[in-house]
Amino acid sequence: MAKIVISITCAKDNPDKATVAMVVANAAVVSGQEAIVFLSTEGVRLAVKGYADDIREEGFAPMKDLLGSFVENGGTVWVCTPCFKKRNLPEDNLVGNAKLVGGATLVEALSLGAASISY
């Protein structure tokens, strides 16, 4: 199975970009790819339960549904630990299948051949 990393650096500060990234992530996971969403900078906020509930871009499913579908279909969410801690977010309230990781985890996946796309 091929591995793909979709890097998301935004949330409510650019909901259009964040939404499109999650649409791509869902396309990857349902097409049989090992799909990983890597959240960094403002994107880490998407990993907090309830944060994405009111993100809705016209013409797309709500972010809450996109995140839910991604996880339900086996997608993994990696959350940049330093970015998360910088924002003083609650580590005990992560969305399903999300885990805090350091940059080394991302670098390892990419060095082993994972494709990546960034938003």
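Colleague: What makes the 5 strands an open sheet, and in what order do they stand?

Modeller: The order is β4-β3-β2-β1-β5, with parallel pairing; strands are DSSP runs (E, at least two residues; helices are H or I, at least four), numbered from the N terminus. Two strands pair if DSSP finds at least two bridges between them. β4 (98-101) and β5 (115-118) each pair on one side only and are the edge strands. This is a predicted model, in which local features need pLDDT of at least 70 and side-chain atom pairs count only at pLDDT 80 or more, while totals for chains, interfaces and linings use all residues. Residues are numbered from 1 along each chain as its sequence is written, and side-chain values use heavy atoms, without hydrogens and water.

Colleague: How do you know that β1 joins β2?

Modeller: 6 bridges join β1 (residues 3-8) to β2 (residues 34-39), against a requirement of at least two, so the strands count as paired. K3 stands opposite E34 in β2.

Colleague: Why is α1 called roughly parallel to α2?

Modeller: The axes of α1 and α2 (residues 63-72) cross at roughly 25° and come within 9 Å. Axes are lines fitted to C-alpha atoms, for helices over the stretch in contact, with angles from 0 to 180 degrees between N-to-C directions. Angles under 35 degrees count as roughly parallel, over 145 as roughly antiparallel, 65 to 115 as roughly perpendicular and the rest as oblique; α1 is therefore roughly parallel to α2.

Colleague: How do the residues of the contact of α1 with α2 divide?

Modeller: They comprise 9 nonpolar, 3 polar and no charged residues; Ala, Val, Leu, Ile, Met, Phe, Trp, Tyr, Cys and Pro count as nonpolar, Asp, Glu, Lys and Arg as charged, and the others, Gly among them, as polar.
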